[in-house]
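Please look over the sequence and the model shown here, and then read the report that follows. The report moves from the overall layout to the ligands and the annotated sites.

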Amino acid sequence: MSEKRIDPVTGTETTGHSWDGIEELNNPLPRWWLWTFYGTIIWGVIYMILFPAWPLVNEATSGLLGYSTRANVAAEIEAAEAANADLRQGLVNTEMAALPQNEELHRFAVSAGGAVFRTNCSQCHGSGAQGALGYPNLLDDAWLWGGSLDEIAYTVRHGIRNEDDPDARWSEMPAFGDILEEQEIVTLAEHVASLPEGTDPLAGPGGELFDMNCASCHGTDAKGDRTVGAPDLTDAIWLYGSDVDSLVETITEGPFGVMPAWGERLGEAEVRAVAAYVHQLGGGESPEAQQGE
Ligand code: HEC
Ligand code: HEC
């Protein structure tokens, strides 16, 4: 079948392959093709010497040039952090109250603080800081503990009613289930529910009970007291629910909202950054408003 011979027309040797009488000529490879082929081999060898190439057990051979995309990324991150280091230091050294006057620093704090918030705070306070049952809304100007930059930073740094930080904000509303009769609690709950409609906090039997048991923390005007984190009960903003059943439960059991302390976990620059972020969301107060409280 396969028989090599010289093709009479071209004078070239055949490969001996023949299909229905059509024979294959044994032409040499074109020169340009051959040189390109050799070129790629040389290129490949040089590449393997210069660049990371052969996979080993834990990493690849590093190559003479020491090129590494991972090292490049690390260097870029380091450069970005070095650029931010000054801003971070500036943030730690600045009086919080004066921060909004320093436009560049304030902008940096708010954007860094937004990232801190999304990572650490949104699971409780909501991704838009709108809050949820038991977790306060941080967008409005109703503050349990205070809405100036310094007060927010303090709350974040030390947390609320946690055992981890001795400087945590602390106060405890008693569980009135142990103190008052069930009927008295229902009377109080109905009274409290009506406060946002303008009922006089001290009026009627509910008012009498309120004056005796509740006014010491929530005030005789029921507008709350930030020094003990006692909320304003007249503002129609409820952390634990506004209907009478919820209020009975709140008063019976005593609410006990806990927020972790972030000072150790985040560091001072991040605490200040996230405070600046929260402050500019809508409800931030000036230092004067805080003192007027
Ligand atoms: C585990 C849930 C949880 C996480 C996480 C959390 N918080 Fe809170 N936070 C709370 C609770 C609960 C309260 C309300 C405590 C109370 O009733 O006094 C609160 C209260 C606050 C207050 C006080 C609001 C006021 O009205 O005075 C601020 C400010 C605040 N949080 C900011 C933050 C920031 C910033 C972060 C992230 C660094 C964060 N919180 C993470 C649960 C949480
Ligand atoms: C020792 C101080 C103290 C006393 C006394 C006290 N409270 Fe409170 N009250 C608080 C604090 C602090 C909170 C907020 C707790 C939290 O956020 O977890 C609170 C929260 C509440 C809430 C929840 C408000 C909301 O936004 O959901 C209601 C309702 C309430 N108190 C009603 C009463 C009534 C009624 C009495 C009297 C029977 C009373 N409190 C007595 C400190 C007090």
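## Conventions

Helices (H or I, at least four residues) and strands (E, at least two) are DSSP runs, numbered from the N terminus. This is a predicted model, in which local features need pLDDT of at least 70 and side-chain atom pairs count only at pLDDT 80 or more, while totals for chains, interfaces and linings use all residues. Residues are numbered from 1 along each chain as its sequence is written, and chains are lettered from A and ligands numbered from 1 in the order in which they are written.

## Domains and the annotated span

The domain assignment, which is automatic or taken from a database, divides the chain into domain 1 (1-67), domain 2 (80-170 + 258-292) and domain 3 (176-253). The centres of domain 1 and domain 2, taken over C-alpha atoms, are 67 Å apart.

UniProt, in an unreviewed entry, lists residues 32-54 as "transmembrane region"; UniProt positions are given in the numbering used here, feature names are shortened, and annotations may be inferred rather than shown by experiment. In the model this span is 83% helix and 0% strand, with 30 Å between its end C-alpha atoms.

## Surroundings of ligand 1

Around ligand 1 there are 26 residues, of which Cys121, Cys124, Trp145, Gly257 and Met259 are the closest (a residue is near if its C-beta atom, placed from the backbone, lies within 6 Å of the molecule). At least two residues of this shell come from each of α3 (103-120), α4 (122-125), α5 (149-158) and α11 (268-279).

Ligand 2 has 25 residues around it, and Met173, Cys214, Cys217, Leu239 and Gly257 come nearest. Two or more residues of its shell are given by each of α6, α8 and α9 (244-253).

## The annotated binding site

The unreviewed UniProt entry places a "binding site" at Met173, Cys214, Cys217 and His218. Although these positions are spread over 46 residues of sequence, they cluster in space, with a largest C-alpha distance of 10.1 Å.

Beyond its neighbours within four places in sequence, Met173 is in contact (C-beta atoms, placed from the backbone, within 7 Å) with Cys217, Gly254 and Pro255.

His218 belongs to helix α8 (residues 215-218) and is buried, since it has 23 C-beta neighbours inside 10 Å. Leaving aside neighbours within four places in sequence, the contacts of His218 are Gly224, Asp225, Ala230 and Leu233.

Conventions
Contact = placed C-beta atoms within 7 Å. Buried ≥ 20, exposed ≤ 12 C-beta atoms within 10 Å, placed from the backbone.
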